Amino acid sequence: ADDAHKGSTPDDQGPAGDIEAYIATSGNGYLDPKWRAMFAGVQRANDVLRELPLVKDGSVTAAYAKEVTAESRFLRAFYEFDLAKLWRNVPYADETITYDNGNYNLGNPGPVWDKIEADLIAAMTDLPATQAEKGRVNKYAAAAFLAKAYMFDHQYAKAQPLLADLINNGVTSSGARYE
């Protein structure tokens, strides 16, 4: 909580104080930008998933398309995870949700952990252990987020073997062992 309060005077950044006190109202100016940024990330990941199959000129190999799909599913899961962590029951928007499809009014159906976990499982399965470009997501990053999602979903028995594997075998995208 100390990270959310500037620390100068009690009336400075009042909305940050509300967050510290676990009081979240629609009038808090910090929450709407976070919500919008997370759903913008979801939308961008979905844009890639929608557009990638339309590339038919041979410029995208099947292997590259598989990796980009896995990265996009990881990113969608990352943003949905943050939304679910902060707001619990949030809409889950996959690549089929578009204005053109007429399904732009999404409700808050309840926990979306199963969908987040499915995206992370797919990402973990299709991502390589290392990447040619430092900082790109790899299978161990997806496994770490999957373990975290399982813990938020109270599925500790599923998280434990992933965490053990990360401790024993996990590497960064450039191949350095986790410490």
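These notebook entries record what I looked up in a predicted model.

**Entry 1. Ground rules.** I took residue numbers from 1 along each chain as its sequence is written. I noted that local features need pLDDT of at least 70 and side-chain atom pairs count only at pLDDT 80 or more, while totals for chains, interfaces and linings use all residues, and that side-chain values use heavy atoms, with hydrogens and water left out.

**Entry 2. Helices α3 and α4.** I looked up how α3 (residues 62-87) packs with α4 (residues 113-126): the angle is about 150 degrees and the axes lie 8 Å apart. Helices here are DSSP runs (H or I, at least four residues), numbered from the N terminus. Axes are lines fitted to C-alpha atoms over the stretch in contact, and angles run from 0 to 180 degrees between N-to-C directions. The two helices are therefore roughly antiparallel, a term for angles over 145 degrees. I recorded the crossing of α3 and α4 as left-handed (the near helix is turned anticlockwise from the far one by less than a right angle).

On the α3 side I listed residues in contact including Arg73, Phe74, Ala77 and Phe81, and on the α4 side residues including Trp113, Ile116 and Leu120. Contact means heavy atoms within 4.5 Å. By class I found eleven nonpolar, no polar and seven charged residues in the contact of α3 with α4. Nonpolar covers Ala, Val, Leu, Ile, Met, Phe, Trp, Tyr, Cys and Pro, charged covers Asp, Glu, Lys and Arg, and polar covers the others, Gly among them.

**Entry 3. Tyr79.** I placed Tyr79 in helix α3. Leaving aside neighbours within four places in sequence, Tyr79 is in contact with Met38, Gly41 and Val42. I also looked up Leu54, 25 residues from Tyr79 along the chain, and found their C-alpha atoms separated by 24 Å.

**Entry 4. Helices α5 and α6.** For α5 (residues 139-152) and α6 (residues 156-169) I noted an angle of about 150 degrees, with axes 8 Å apart. That makes α5 roughly antiparallel to α6. Their crossing is left-handed. Among the residues making the contact are Tyr140, Leu146 and Tyr150 of α5, and Tyr156, Leu162 and Leu166 of α6. I recorded twelve nonpolar, one polar and two charged residues in the contact of α5 with α6.

**Entry 5. A pocket.** I read the volume of the second largest pocket as about 180 Å³. Its lining has 13 residues, with Phe39, Gln43, Ala93, Ile97 and Leu106 nearest the centre. A pocket is an open set of points on a 1 Å grid over the protein atoms alone, where a 1.4 Å probe fits, with protein on both sides within 12 Å along at least five of seven lines; lining residues have an atom within 4 Å of a point. The volume is the space filled by probe spheres set on the points, which are joined across faces, edges and corners. I classed the lining as eight nonpolar, four polar and one charged residues.

How values were computed
Parallel < 35°, antiparallel > 145°, perpendicular 65-115°, else oblique.
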